[in-house]
Amino acid sequence: MPNEWITRESGNLSLQHEWTLVHYQALTSLVARYGDTAKNHAVSLGGITQLDTAGAALIVKLLGIENAKQQAANSLPTKQQALLVRVAEAMETPLDVEPANNNRIVDALATVGQQMVGLWSQQRQLLAFIGLVLATLFSLLFRPHRWRFTATIAHIHSSGLNAVPIVALLTFMVGAVVAFLGATVLQDFGATVYTIDLVAFSFLREFGVLLAAILLAGRTASAFTAQLGAMKSNEEIDALQAQGLDPIELLVLPRVIALLISLPLLAFVGMLSGLVGGAMVATLSLDISISQFMTTLQKDVSVSHFLVGLSKAPVFAFVIGVIGCLEGFKVSGSAQSVGSHTTSSVVQSIFMVILIDALAALFFMELGW
Amino acid sequence: MVATTQAENEQDEQPVITVKGLVNRFGSVIVHEDLDLTLKQGEILGVVGGSGTGKSVLLRSIVGLKRPNGGTIDVLGSRLNELNEQQRSQVERRFGVLFQRGALFSSLNLQENVALPLIEHAKLSRKDAEYLARIKLSLVGLPAKAALQFPESLSGGMVKRAALARALALDPDILFLDEPTAGLDPIGAAAFDQLLVTLRDALGFSVFLVTHDLDTLYAACDRVAVLSQKRVLVADTLENVANTDDEWVQAYFNGPRGRAAQYAANASTSGLKE
């Protein structure tokens with residue numbers, strides 16, 4: 001059965017039937033089997049009814065390049081002859097390309113080294129970019145005619161206003177959870193009423209701003225990276241520079257300033273909404289009335305906690321905006337690059353937000369604020 | 001060799017593509033109305049027309065990327081809009097399409113780009129498929145070391161060649177090319193025209209070539225179809241088309257660029273005869 005394609009008569013081989021891609025696997029094994037015979041015996045190609053590039057490649061493999069060209073001229077119709085000659089010519093150049101020989105230990109060390117150098121250069125790039133953005137910001141501070149109001153307002157709309165519902169909902173639910181959790185623990189000490197303090201402290205100092213910042217990092221940093229990345233791969237950023245326009249001034253500052261305005265407002269929304277969530281749990285399941293909740297809030301919680309929480313918002317906003325934009329500028333051409341930089345921008349900005357928050361918590365605690 | 005192929009065409013009565021009464025609309029904008037066109041076995045058909053006359057739309061409706069609003073398209077003996085999905089996929093496997101900007105998959109290197117249809121459709125092992133892919137890349141004139149490169153690191157001419165290799169992966173019966181020489185330098189474009197004719201003579205496919213490039217028309221095309229006023233104004237050999245009494249056709253073929261291309265083509269053929 002497999003001898004259908006190659007038959008042997010008195011030592012000479014003759015090829016026949018369809019030498020096409022469909023039969024590639026069967027043909028490959030035949031070519032391997034008759035490889036030696038073909039070198040020393042006459043081969044006739046006259047019986048071939050159909051030929052494509054895959055089949056031609058196998059014939060060239062079977063006969064060798066020079067031999068295949070000769071045989072083609074002898075026994076094939078014009079069209080198939082041209083095909084076989086063309087494929088034989090194509091196979092004259094060496095086709096085997098093997099990736100460089102690799103040693104696993106050396107590879108692992110090289111990867112570690114590359115990662116470390118990459119991490120270091122990434123931090124340097126981030127610092128340099130922060131410097132660039134700040135320098136541009138200060139140079140424009142006293143030239144209001146160059147402020148980009150329209151772009152800034154548009155970004156406040158998309159990254160701030162449009163995020164209000166999701167921030168409010170999320171912090172409301174976390175507020176309720178914190179209240180439940182506090183009540184469960186504090187009940188054992190008969191101190192259920194301190195649930196109010198727990199919710200108030202945690203949301204004013206930490207959760208309001210932190211949750212808003214994390215949501216913004218996921219929602220807006222990724223959007224910035226994708227927007228600027230698409231512009232980068234479409235050469236729009238090069239076009240701006242070639243026209244003598246500053247992409248930092250036109251693209252980055254409106255985004256960063258929009259976040260500087262949006263995030264404190266979102267953090268405020270988050271704080272209020274978290275308190276409302278706590279208050280709902282307190283009234284509905286802990287027998288604490290609304291008025292009791294309000295008076296405890298006023299009595300126990302000073303305004304400094306609110307200010308401590310809110311003071312972190314601009315820092316977070318700046319970091320999220322700058323990382324989102326920088327990752328966008330790093331995009332290079334391919335669609336894959338846009339994806340990996342978007343991921344990287346979200347991971348980096350959430351990481352930085354939590355890191356800064358931890359450092360800030362230490363700082364404020366030491367100062368006793 | 002070109003002459004023999006043309007002689008064979010005349011004997012071959014069954015065209016590979018027959019478009020009849022094609023209608024394409026986008027909202028209230030009518031792109032094609034009652035458009036007829038045929039592509040014969042083994043020929044290179046150049047499709048020309050001003051910007052916005054729907055050359056690419058015509059290509060997209062034949063390869064099945066846009067559903068026509070009316071009319072029939074017969075490809076290789078089957079009527080496209082009457083086929084079910086599986087039959088349609090069978091027919092589409094016999095197409096090779098080269099998109100205007102190459103459309104190479106950016107996350108795969110060149111040999112993987114070409115090997116993908118071989119692995120998915122022809123069920124070859126990865127090793128066999130990549131070996132064949134390297135032959136295809138060599139066939140379109142790319143060096144072996146390019147096989148491991150990614151599309152983003154290639155020049156425009158190399159992208160076009162690699163895209164051609166991918167379009168040829170399954171040995172298609174019909175090759176669709178959308179402005180293959182746009183963005184190439186004149187030397188690269190001339191080499192591409194030559195390559196196309198050589199491969200057509202060797203592999204025997206038919207070519208549906210959308211182009212703006214007058215030199216390609218003179219160097220590679222057997223027939224030229226002019227799209228104008230929502231239909232095919234004329235489809236014939238280059239000389240007959242150039243003599244058509246139509247304002248746009250005259251401006252196109254007998255304008256300064258048209259005359260230059262004609263002069264170059266005549267010079268090169270008479271040079272060959274000597």
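These legends describe close-up views of a predicted model. Local features need pLDDT of at least 70, side-chain atom pairs count only at pLDDT 80 or more, and totals for chains, interfaces and linings use all residues. Residues are numbered from 1 along each chain as its sequence is written, chains are lettered from A in the order written, and side-chain values use heavy atoms, without hydrogens and water.

**View 1. The interface between chain B and chain A.** Contact (heavy atoms within 4.5 Å) joins 32 residues of chain B to 25 residues of chain A. The buried area is about 2,400 Å², with 64% from carbon and sulfur atoms. Buried area is the accessible area (1.4 Å probe) that two parts lose on being put together, summed over both. The count of salt bridges is zero (side-chain nitrogen of Lys or Arg within 4 Å of a carboxyl oxygen of Asp or Glu).

**View 2. The side of chain B that touches chain A.** Helices H4 (110-120), H5 (126-139) and H7 (186-203) of chain B each give two or more residues. Helices are DSSP runs (H or I) of at least four residues, numbered from the N terminus. H5(B) gives the most, with eight residues.

**View 3. Ser262(A) in its helix.** Ser262(A) lies in helix H10 (residues 247-285) of chain A. Is Ser262(A) buried or exposed? Ser262(A) is buried, at a relative accessible area of 3%; buried means under 20% and exposed over 50%, with partly exposed in between (1.4 Å probe, protein chains only). A polar atom of the Ser262(A) side chain lies 2.7 Å from the backbone oxygen of Ala258(A). Not counting residues up to four places away in sequence, Ser262(A) touches Ile156(A), Ser159(A) and Gly160(A).

Definitions and conventions
Polar contact = N/O pair within 3.5 Å; in protein donor to acceptor, adjacent residues only side chain to side chain.
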